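Hi,

Here is the structure I said I would pass on.

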Amino acid sequence: MTLHVRTNQPNLENFWMPFTANRQFKAAPRLLSGAKGMYYTDIDGNEVLDGTSGLWCVNAGHGRTQIVEAVARQLGELDFAPTFQMGHPIVFSFAEKLAAIAPGGKDGGLDRVFFTGSGSESVDTALKIAIAYQRAIGQGTRTRIIGREKGYHGVGFGGISVGGLVNNRRVFPQIPADHMRHTLDMERNAFSRGLPAHGIELAEDLERLVALHGAETIAAVIVEPMAGSAGVILPPKGYLERLRAIADKHGILLIFDEVITGFGRLGTPFATDYFGVTPDLVTTAKGLTNGAIPMGAVFASRKVHDGLMTGPESQIELFHGYTYSGHPVACAAGLATLGIYAEEGLLTRGAELANYWQEALHSLKGLPHVADIRNLGLVGAIELRSRDGAPGARAYDVFVECFRKGLLIRVTGDIIALSPPLIVEKHQIDTIVSVIADTLKTAA
Ligand SMILES: Cc1ncc(COP(=O)(O)O)c(C=O)c1O
């Protein structure tokens with residue numbers, strides 16, 4: 001392996017990079033050293049337009065002064081304090097502020113908040129809460145969780161078990177789970193604008209799995225309301241409503257994994273609000289702190305929360321938690337983030353731009369290799385036809401070339417996924433689309 005050596009480049013040997021082809025990367029690294037607003041700066045001083053909000057998380061844009069100052073202040077005031085049998089004011093204040101904008105609004109009742117350190121931890125927490133809740137209400141045989149093919153729910157053992165991406169699963173043992181079919185149907189739905197028309201019947205897979213396993217063995221069903229990581233897979237019209245109805249009929253809890261869709265991505269505060277379908281648990285992370293400090297949160301309904309608040313008051317109700325659950329510095333980042341979202345109307349700004357975004361993306365139809373274009377809110381995907389015998393290679397080359405041209409996109413397989421910060425301006429949307437168009441025109 002030949003390492004490119006630049007004078008300002010660190011030694012790349014020791015950091016074992018996550019979800020990365022380490023040897024390929026280290027032979028030709030892409031290193032970012034600064035960020036402000038919509039732009040990164042690479043170590044050579046080039047500007048890179050952020051088409052992906054970092055990793056679906058920097059919803060308010062980079063380098064926000066309010067967050068910087070709140071974090072610095074909090075570090076000086078109270079750097080860390082435990083939340084096991086102890087508390088500190090800021091964690092309660094943050095939970096209260098989150099409750100005020102909880103998924104589903106006031107009527108949704110999802111206003112009990114359990115803090116974690118990441119999306120993966122939020123998912124495993126929600127799965128454990130669901131199983132513990134069922135047991136607490138006398139349904140202790142309900143330990144199986146239903147997920148969905150192509151689902152991504154992080155990398156904990158719970159998350160990979162309910163997830164449906166083979167590379168994340170094949171090497172590792174799993175907890176009891178089964179899977180509904182995914183909802184990607186390019187034959188019937190390619191180039192849909194917004195939600196696809198076909199596929200509501202796929203929700204009946206939950207009925208099938210109930211018939212196969214018995215409802216009394218199933219604690220919960222978890223889905224991303226819009227699947228992000230697998231390449232932006234949208235729910236067909238009416239699908240989530242149907243899933244809610246089937247889950248209710250069988251006493252199965254419904255969990256929405258909103259790690260990506262939470263905090264304004266679809267033009268509403270949460271996907272729960274966008275679809276008007278209220279689950280029992282909602283997992284979040286990423287935009288919760290604008291990506292500045294790692295943190296996740298699970299929103300639980302009062303029904304689920306109160307179902308576990310039983311037994312003697314001296315008893316710990318849920319044997320679960322993390323050292324960093326409700327970390328004061330993360331709470332400070334989160335409170336400042338919510339402040340920015342409110343002041344700048346960012347949780348609904350996506351709705352104002354969604355149409356412009358949609359038309360811009362769909363202008364790529366007809367360019368070489370484009371097999372499908374999907375969009376919702378401020379999310380988009382361009383699915384490319386794969387090169388013969390080399391799945392993923394074409395999109396990877398497009399990714400590298402876009403970066404060279406000053407645009408950060410994300411690719412998964414041969415799908416380009418886009419999710420710019422919610423502060424994006426129309427001219428930046430135009431740039432994103434024109435850089436991708438130019439790249440596709442010359443892509444092999
Ligand atoms: C829907 C969903 N759930 C969970 C996760 C895992 O989050 P994290 O990487 O913070 O553990 C992700 C990350 O992309 C996600 O998209």
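This is a predicted model: local features need pLDDT of at least 70, side-chain atom pairs count only at pLDDT 80 or more; totals for chains, interfaces and linings use all residues.

You'll find His-369 in the loop between helix H15 (346-362) and strand S11 (370-376).

Phe-19 is another residue to look at, as it has a positive phi of about 40° although it is not a glycine. Phe-19 sits in the segment before helix H1 (22-27). Is Phe-19 buried or exposed? It counts as exposed, because it has 10 C-beta neighbours inside 10 Å, and the cut-off for exposed is 12 or fewer.

Now for the chain as a whole. The protein chain has 17 helices and 15 strands. Its C-alpha trace spans about 65 × 55 × 45 Å along the principal axes. With 444 residues, a compact globule would have a radius of gyration near 22 Å, and the chain has 22 Å, so the two agree. Buried residues make up 48% of the 444. Looking at contacts between residues at least 6 apart in sequence, 72% join residues at least 24 apart.

There is a ligand too. Which residues are closest to the ligand? They are Ser-118, Gly-119, Ser-120, Gly-154 and Val-259, out of 15 residues that surround it. Helix H6 (residues 119-136) gives the most to this shell, with three residues. Sorted by class, the shell has six nonpolar, seven polar and two charged residues.

Next, a couple of helices. Helix H14 (residues 328-344) has 17 residues, which at 1.5 Å a residue should span 24 Å; its end C-alpha atoms are 24 Å apart, so that agrees. The buried residues of H14 include Pro-328, Val-329, Ala-330, Leu-338 and Tyr-341. What do the buried residues of H14 pack against? Their partners are helix H3 (65-77), helix H4 (89-100) and H15. Gly-345 follows H14 and has a positive phi, near 60°.

Helix H16 (residues 393-404) gets the same check: its twelve residues should span 16 Å at 1.5 Å a residue, and the end C-alpha atoms are 17 Å apart, which agrees. The buried residues of H16 are Arg-394, Ala-395, Val-398 and Cys-402. Seen down the axis of H16, these buried residues fall within an arc of 90°, so they line one face of the helix. Just after H16, Gly-406 takes a positive phi of about 90°.

Last, a look at Trp-357, which belongs to helix H15. Trp-357 is buried, because 25 other C-beta atoms lie within 10 Å. Not counting residues up to four places away in sequence, Trp-357 touches Asn-375, Leu-378, Gly-380 and Ile-429. The C-alpha atoms of Trp-357 and Val-379 are separated by 8.5 Å, with the two residues 22 apart along the chain.

Cheers

Conventions. Residues are numbered from 1 along each chain as its sequence is written. A residue is near a molecule or strand if its C-beta atom, placed from the backbone, lies within 6 Å of it. Helices (H or I, at least four residues) and strands (E, at least two) are DSSP runs, numbered from the N terminus. Ala, Val, Leu, Ile, Met, Phe, Trp, Tyr, Cys and Pro count as nonpolar, Asp, Glu, Lys and Arg as charged, and the others, Gly among them, as polar. A residue is buried if 20 or more other C-beta atoms lie within 10 Å of its own, exposed if 12 or fewer, and partly exposed in between; C-beta atoms are placed from the backbone. The radius of gyration is taken over C-alpha atoms; the globule rule is 2.2 Å times the number of residues to the power 0.38. Two residues are in contact if their C-beta atoms, placed from the backbone, lie within 7 Å. The expected span of a helix is 1.5 Å times one less than its number of residues. The arc is that of the directions from the helix axis to the C-beta atoms.
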